[in-house]
Amino acid sequence: MDRRRLARASRREVEPPPEAPAIEPAADDGPTLARRADDPLTERNVLALQGATGNRAVSAMIGREPQTKDAPAGGDTAKFDLDWYAAVTGKRWEDAVRLAMHPVGEMGARLGALSLEEISAFCAQAGRMGAEALAVFMVAEGVRLRKLDALFQAALAAEQWDKVVTYLDGYAGADLLAKARLVKAKGDPKLAAAAAAAAALWPDDNHRIRRTLAFIAVEGLTGAAVRPAVSSGVTGGTKEAAVKVPETGGSVTFSKGVSDGGSSDLYGLTYTGADAQKTGWVQFISRNIEKLDDTGKSLGFYVGTWTPKGQSARDFSTSAAPVWFLDTLSDQAPFYEASSKAADGGRGLSDASPTKTAMYDLPAGRADLVAPLFTDPAVKSVSSRALFDTYLVHEMQVLRHETIGVEYTFDKTQAAAGTDTAPKVTHTGGGTVAALPADRFKAMTARFPKFAYLPH
Amino acid sequence: MGELSGTLRAGREAVAGAVVLAAEPGATDALASTRTAEDGAFSLSVPDGMLRVFARAGAGVAVGVATRTVEAPAEGRLDLDLEDHAALHPVSIVAEGDVPPELDLQLTPERIDGVDRDALALLHATVPGVTRPMLVTRPFGPARRVDLRMQGGSWILYSAYDLAPDARGAGSRHLAWRVERAEAEGGAELPPAAIGHALEVDRPLTVILRIVRLER
């Protein structure tokens, strides 16, 4: 920034911030995502609103707030401008923010004169300073977003994909998705070009821009289109207490002893809440077969493969080092409850409606593989186990996971009969998570490479 | 430590791909193991002292076991022959009925003439690279038939296949193929074994397995 720009800037009026989008009130039992009229402008409230609606909306709102900081009476504009100039050119951003907290004259024009790089650094510093600089941060953020919008639109029009993705990286939340959709609107080949530019810029496929572009590419296969309303027809079952999902205001319930007519030993995972058709289950399965002697001591695990219907061979592993495979019948999306594109394609047993996404499962015990293990006289019993790690996902977010074990125990007589024994179903754990473990992400993208948008 | 080398044969034929292991006499854990080459040759690095050498031949047409107790490394070269213990008999096993392409035949000996039970326990010794619990696993293939030369003795004959999706679909059923009846030439039904059926091999045989598909 040169001195002439500085002088011009100090004379200009602050541009009014854009209007904030309408904000839906939060559900009574849900997270405090929206700011009510009587909420104080606390850092927590602002950050919550920012997370839900993006910086643009918050910036607009803050821009309408009365200034709570008093400017020093009779301040010296020339001296302020010199101090401001020195702080900006010296990249002393904390000094610059502190000056902006007690401005002499309007700050908007001064902020507007900064380059995108400068205003971004200023905003980052103000953000780090927390509540004391919150008002300054949000005003500056409005300025930054207007600059960013202009540069992004110009790069998009010129199809300069390296610049497009670089500018995309300046957005967050709803703003980012909205801008990424503008790239998609130019056509799939252009979106692919942008994704390639992002991959060149950020080798880590976990980078949020890479994930965002990946999500936009398959967004049509992440919602109701692959979760058309369906009723499983299952009955019965014992439910555990529902667990809240704070991010969506919904809840998750585990149940077992569910009947589908073929068996009464199914387990179920039910998400109930708003936006259910954009919320679903990504399930991973690991299997092991353990040989045991007459004292229950392990004689080792079966080494080999199983081939589920419609899939390629999968390796059995051990309880201690499970190897995971994606568990879905769908041919178009990784979600358990997703439908298939093929007319004769499968769909996991599920309930889907605007307020509910439930899945039900019970694997086979594989008596055919268990029986030959009893040709070793030392083997007195065999446990055939399926371990499940099942993730609740909503659009680009991973919200929580549940771990479930299904165990079939055979003795020689039962194995010789060639039928499964009664399974023992256990809900072994679960909790809030924000990402898929790397091995499970790899298992998912091995079958659905385009669905690389979930954090991992 | 010393080197114990030898060959495994089935009469005049070399036996390739067989597992050869060495264990202390009476033990069920292998001290060393290897596989025979195309010409039936093998070589094991073994500790000095008395050892039981045990060969498991399940990959070729001639199937069975061979064993000998040796003083290592003084014995030097060790030649094993499946027919040292029991004669090999041609046995054809034919699958009839609803036979899925994935269905395998599995066989393992419960008793081999001339091989003591302690030695036969080494069929179940853990050996790197060996994953099948039974000695022989062979697909029936398009001909729905497996032709072998089996050592004289008592064998367990087993065949089963389950097909189920991992994820449960609406109305999806678990399909299972099982041997409904196993019979020798002339229609005599084979008796049940601990699993599958018992097959006494003492002459040339043809066995017919009647396969049925079950829906669960």
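Which residues in α7(A) meet which residues in α8(A)? The model is predicted, so local features need pLDDT of at least 70 and side-chain atom pairs count only at pLDDT 80 or more, while totals for chains, interfaces and linings use all residues. Residues are numbered from 1 along each chain as its sequence is written, chains are lettered from A, and side-chain values use heavy atoms, leaving out hydrogens and water.

**Two packed helices in chain A**

- Helix α7 (residues 116–128) of chain A packs with helix α8 (residues 134–158) of chain A at an angle of about 150 degrees, and their axes are 9 Å apart. Helices here are DSSP runs (H or I) of at least four residues, and strands (E) of at least two, numbered from the N terminus.
- That makes α7(A) roughly antiparallel to α8(A) (the word applies to angles over 145 degrees).
- From α7(A), the residues A:Leu116, A:Ile119, A:Ser120, A:Phe122, A:Cys123, A:Ala126 and A:Gly127 meet A:Val136, A:Phe137, A:Ala140, A:Glu141, A:Val143, A:Arg144, A:Lys147, A:Leu148 and A:Leu151 in α8(A). Contact means heavy atoms within 4.5 Å.
- The residues of this contact divide into eleven nonpolar, two polar and three charged. Ala, Val, Leu, Ile, Met, Phe, Trp, Tyr, Cys and Pro count as nonpolar, Asp, Glu, Lys and Arg as charged, and the others, Gly among them, as polar.

**Aromatic rings**

- Over all chains, a search of the whole structure finds 13 aromatic pairs (ring centres within 6.5 Å).
- A:Trp306 and A:Phe325 form an edge-to-face pair, 5.6 Å centre to centre with 85 degrees between the planes (edge-to-face means over 60 degrees).
- A:Trp306 lies in strand β7 (residues 305–306) of chain A and A:Phe325 in strand β9 (residues 325–326) of chain A, so the pair ties together parts 19 residues apart in sequence.
- A:Trp306 counts as buried at 2% relative accessibility, and A:Phe325 is buried with a relative accessible area of 18%. Buried means under 20% relative accessible area, exposed over 50%, and partly exposed in between (1.4 Å probe, protein chains only).
- One aromatic cluster is formed by A:Phe215, A:Phe335, A:Phe448, A:Phe451 and A:Tyr453.

**Helix α15 of chain A**

- In helix α15 (residues 438–447) of chain A, the buried residues are A:Arg440, A:Phe441, A:Ala443, A:Met444 and A:Thr445.
- These buried residues of α15(A) pack against β5 (279–292), β9 and β12 (381–394) of chain A.

**An alanine in chain B**

- B:Ala121 sits in the loop between α1 (117–120) and β11 (136–139) of chain B.
- With 28% relative accessibility, B:Ala121 counts as partly exposed.

Methods. Axes fitted to C-alpha atoms, helices over the stretch in contact; angles between N-to-C directions. Parallel < 35°, antiparallel > 145°, perpendicular 65-115°, else oblique. Phe/Tyr/Trp six-rings, centres within 6.5 Å; stacked < 30°, edge-to-face > 60°.
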